[in-house]
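Look over the sequence and the model before reading on.

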Amino acid sequence: MMDLLSPVTGLALRADSAHSVSDGTSRWPVVEGIPYLRTGRDALVSAVLAELDAGRADEALVLLLADQDAWWTGPVAEPDALRRLVRDRATLTLREAMALLSWGPVADYFAHRWSDPSFIAGLSLVEAHWSSPRSAFELACGIGHHLRALSQHGVRTTGADIVFAKLWLARQFVSPASELVCFDAGSPWPVGSQRFDLVCCHDAFYFLEPKQEILDRLSALADAGTLLVGHIHNRNWPNLSAGSAITVDQLVALFADGTFYDDAELTVAAADGRQPRSVQPTELETVEAFAVMRGRPGSAAVGLLTVPSEGAELRRNPLYRADGAVTWPSPRYEAEYGPRATYPLRSPCPPRARLDEATRSWARRRELLDLPERW
């Protein structure tokens, strides 16, 4: 386990049982290898520790899987559904697991993120500044899509998120080898003296506050490495997501020495198989979202992450029906992702294939996908 600090006292945390860590003054649960270090959850922490100490690990897990972030407006998952999720976790699919978590539109987002334009843009941003990192840290990693892509190229990955259930899905379905830790980015960080070659925050920075402090912490983790922040919503452009978007002026104030991109350009460049074009901030006033690089610039590695590795087993994008036509999970999904989709509305690609020269263009456009085994 990585070196961790108490987010309350700043003292080093050490294992004091098989399922908890302590700084000598307070204890925090560790469930299925994921430390839960979220502040402001004293009652939940106590309840989870009580279940763990009593030998009821599954009940402790049920409690943590129901925890959500402050932006959540959906239903609370039913305890019996969560117990079924815990009991049947070895046989359920990712989509079945998210249904039991009652994630609704968020489940659509995660289930189809492998072909959503903002995910492709994030991969393209990493490719544009590739430095062959040995280690990577991602803040607000969700269920681990980017962690998986990096792990497939031998990068030692660490992911953090405020929602324990997302990390647990990453461990179960998407990126099992990643080190994972649950904490609130708006509180003191429990990450100790570790430094990473690559530090990322994709499609989440607009949710986070206070932005300057969080950016300073990300920069400290990157040290002499590369910091990439992707898909930051432009406050002056209408979008469908909640969050705390920023203006171009605020972007420049935060990233004075950054290299800037129109997020949509990153997506298009990946689909075209070319290096994306960076821009001056003055060119970003009317774009939907920004992306930024700061630190070690690296060099372009077009197609390294945005196209699966040679020989990878691919499946037809699940957005395609059997007759080859796209069917959207919801009108909202179509409105948010349809206009910038890299895949056509109809595709002749087969249900399954391997990545080779004959299938590469389908994979680049996201008609064929490298999905987790239990998608």
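Domain 1 (116-295) and domain 2 (312-369) each give at least three residues to the lining of the second largest pocket. The model is predicted. This briefing takes that pocket, then an open sheet and its helix.

**The second largest pocket**
- The volume of the second largest pocket is about 220 Å³.
- Its lining is made up of 20 residues. R148, Q152, L305, P308 and D370 lie nearest the centre of the pocket.
- Among the elements, α7 gives the most, with 3 residues.
- By class, the lining holds 12 nonpolar residues, 5 polar ones and 3 charged ones.

**The open sheet**
- An open sheet is formed by 5 strands, in the order β1-β2-β3-β4-β5. Their pairing is antiparallel.
- At the edges sit β1 (4-5) and β5 (34-35). Each of these edge strands pairs on one side only.
- Strands β2 (residues 12-17) and β3 (residues 20-22) run antiparallel and are joined by 3 bridges.
- R14 has S22, in β3, as its bridge partner.

**The helix on the sheet**
- Which strands does helix α1 touch where it packs on the sheet? Helix α1 (residues 42-53) touches β3 and β4 (27-31).
- The direction of α1 makes about 60° with that of β4.

Methods. Residues numbered from 1 in each chain as written. Predicted model: local features only at pLDDT ≥ 70, side-chain atom pairs only at ≥ 80, totals over all residues. Heavy atoms only, no water. Pairing = 2+ DSSP bridges. Helix = DSSP H or I, 4+ residues; strand = E, 2+ residues; numbered from the N terminus. Contact = heavy atoms within 4.5 Å. Axes fitted to C-alpha atoms, helices over the stretch in contact; angles between N-to-C directions. 1 Å grid on protein atoms, 1.4 Å probe; cavity = no way out; pocket = protein on both sides within 12 Å on 5 of 7 lines; lining within 4 Å. Points joined across faces, edges and corners; volume = space filled by probe spheres on them. Nonpolar A, V, L, I, M, F, W, Y, C, P; charged D, E, K, R; others polar. Domains from an automatic or database assignment.
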